[in-house]
Amino acid sequence: MTATQPPETPAPSERVFLITGASSGIGAATARHACAEGWRVVLAARSHERLNALAEELGGPERALPVRCDVTDWNDQQQMVNAALSTFGRLDVAFANAGFGGPRGFLKDTPEHWREMVLTNVYGAALTLRATIPALSESRGHLLLTSSVAGRRALPGSMYSCTKHAVTAMGEAARQDLHGSGIRVTLIEPGMTDTPFFENRPTDALQDDDIARAVMYAVSQPPHVSVNELLVRPTAQQG
Ligand SMILES: NC(=O)c1ccc[n+]([C@@H]2O[C@H](COP(=O)([O-])OP(=O)(O)OC[C@H]3O[C@@H](n4cnc5c(N)ncnc54)[C@H](OP(=O)(O)O)[C@@H]3O)[C@@H](O)[C@H]2O)c1
C-alpha cells in the first residue's frame with residue numbers, strides 16, 4: 001500500500017475500537033454499543049477485574065481484549081496499543097475517555113488531587129492520542145476525546161472545568177494537526193450523566209447509553225463526514 005492509496009475497508013466484524021475508561025460509565029456503555037454493532041473492542045482502565053468481567057460479557061477473547069492501563073503512564077499506553085495490534089492486528093477507533101472530577105472551589109480540593117486530575121484528564125488523554133495516532137494513520141481511523149459541557153463553559157472554582165477546556169483545545173489541535181491523514185477527530189461533550197463519576201448520583205441526568213449513542217453516531221458516518229463536536233445535555237440541564 002502506498003501513502004496515496006486508502007486502505008481497504010474492513011468487514012464490520014474486523015474493525016477494532018479501543019476505549020480508555022472502559023471499566024465504568026460512559027466507556028463501558030460505549031463498549032457494549034460498539035460490540036452490539038459488530039466491533040471488536042479493546043477495554044482499558046486500571047480495574048482489571050471489572051474489565052475482565054465486561055470482556056467476558058461481550059463475547060470473550062474473540063471480541064473483547066481487557067488491558068490494564070493507567071493512562072498517566074506512557075509505558076502502559078504503549079503496551080495497550082501493542083496488545084491491541086498483536087491481538088487484533090489493527091486499530092480503527094481510539095476513544096480517549098478516562099477521567100474524573102473533583103470538588104469546586106479553588107480552596108476546596110487538595111493540590112495532590114488536582115495533580116492526579118490534570119495528569120489523568122489532560123496528560124493521559126494526550127498520551128492516548130500519541131500512542132494511537134500511528135495505528136490510526138494506517139487505518140485512516142477515528143480519534144474521539146471525552147471533554148464535557150464543562151469544557152465549553154467555565155464552572156466556578158472548577159479545576160475539572162479547566163482540565164476539560166484543555167481537552168476541548170486538544171481535540172481541535174489534533175483535528176488540525178491530523179488534517180490530510182484521513183483520521184477523523186470528534187470531541188464528545190457530555191452534560192450531566194448518571195455514572196459513578198458522581199458520589200451522589202444525579203437525577204434528571206443523561207444515562208451512559210445516551211452518550212454511547214452519540215459516540216456511535218460519530219463513528220458510523222461515511223469517511224467524508226467528520227463530526228467534530230457533540231455537546232449533549234439532559235433536557236433538564238440549564239447551564
Ligand atoms: N458523568 C458526567 O456527568 C460527565 C460529564 C461530562 C464528561 N464526563 C467525562 O466522561 C468520562 C467518563 O466518565 P464517566 O462519567 O463514565 O465516569 P466513571 O463511570 O467514573 O468512569 C471513569 C473511567 O475512567 C477510568 N479512569 C480514571 N482514572 C484513570 C486512569 N488513571 N487510568 C485509566 N483509567 C482511568 C475509570 O477506570 P478505573 O478507575 O478502573 O481506572 C473509569 O473507567 C470522563 O472523562 C469524565 O470526565 C462525565
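**Cavity, pocket and helix packing in the predicted model**

The lining of the largest cavity comprises four nonpolar and six polar residues, with no charged residues. The structure described here is a predicted model. One cavity of 30 Å³ or more was counted, and the volume of the largest cavity is about 40 Å³. Its lining is formed by Thr20, Val71, Ala96, Asn97, Ala98, Thr120, Asn121, Gly124, Ala125 and Thr128. The greatest contribution to the lining of this cavity comes from helix 4, which supplies five residues.

Threonine 128, one of the residues lining the largest cavity, is located in helix 4. Threonine 128 counts as buried, because its relative accessibility is 1% and the buried class covers values under 20%. Apart from neighbours within four places in sequence, threonine 128 is in contact with Thr20, Val71, Gln77, Met80 and Ala96. Among these partners, Thr20, Val71 and Ala96 are also found in the lining of the largest cavity.

Helix 4 also packs against another helix. The axes of helix 4 (residues 111–139) and helix 5 (residues 159–177) come within 9 Å and cross at roughly 10 degrees. Helix 4 is therefore roughly parallel to helix 5, as angles under 35 degrees fall in that class. On the side of helix 4, the contact is made by Trp114, Met117, Val118, Asn121, Val122, Ala125, Ala126 and Leu129. Helix 5 contributes Met159, Tyr160, Thr163, Lys164, Ala166, Val167, Met170 and Ala174 to the contact. By class, 13 nonpolar, two polar and one charged residues make up the contact of helix 4 with helix 5. Asn121 and Ala125, which take part in this helix contact, are also among the residues lining the largest cavity.

Tryptophan 114 lies in helix 4 and is one of the residues in the contact with helix 5. Tryptophan 114 is classed as partly exposed, because its relative accessible area is 22% and this class lies between the limits of 20% and 50%. When residues up to four places away in sequence are not counted, tryptophan 114 touches Phe106, Asp109 and Met159. Of these, Met159 is listed on the helix 5 side of the contact between the two helices. Tryptophan 114 and alanine 45 are 69 residues apart along the chain, and their C-alpha atoms are separated by 20 Å.

The largest pocket has a volume of about 1400 Å³. A total of 47 residues line the largest pocket, and Gly99, Phe100, Gly101, Phe197 and Phe198 lie nearest its centre. At least two lining residues are supplied by each of helix 1 (25–36), helix 4 and helix 5. Helix 1 gives the most to the lining of the largest pocket, with three residues. The lining of the largest pocket divides by class into 16 nonpolar, 23 polar and eight charged residues.

Aspartate 204 is found in the loop between strand 7 (193–194) and strand 8 (206–207). The relative accessible area of aspartate 204 is 61%, so the residue is classed as exposed, a class that requires over 50%. Aspartate 204 touches Pro234 and Ala236, with residues up to four places away in sequence left out of the count. Between aspartate 204 and leucine 107 the separation is 97 residues in sequence and 29 Å in space, C-alpha to C-alpha.

Definitions and conventions: Residues are numbered from 1 along each chain as its sequence is written. This is a predicted model: local features need pLDDT of at least 70, side-chain atom pairs count only at pLDDT 80 or more; totals for chains, interfaces and linings use all residues. Side-chain values use heavy atoms; hydrogens and water are left out. Axes are lines fitted to C-alpha atoms, for helices over the stretch in contact, and angles run from 0 to 180 degrees between N-to-C directions. Helices (H or I, at least four residues) and strands (E, at least two) are DSSP runs, numbered from the N terminus. Angles under 35 degrees count as roughly parallel, over 145 as roughly antiparallel, 65 to 115 as roughly perpendicular and the rest as oblique. Contact means heavy atoms within 4.5 Å. Ala, Val, Leu, Ile, Met, Phe, Trp, Tyr, Cys and Pro count as nonpolar, Asp, Glu, Lys and Arg as charged, and the others, Gly among them, as polar. On a 1 Å grid over the protein atoms alone, a cavity is a set of points where a 1.4 Å probe fits but cannot get out, and a pocket is an open set with protein on both sides within 12 Å along at least five of seven lines; lining residues have an atom within 4 Å of a point. Grid points are joined across faces, edges and corners, and a volume is the space filled by probe spheres set on the points. Buried means under 20% relative accessible area, exposed over 50%, partly exposed in between (1.4 Å probe, protein chains only).
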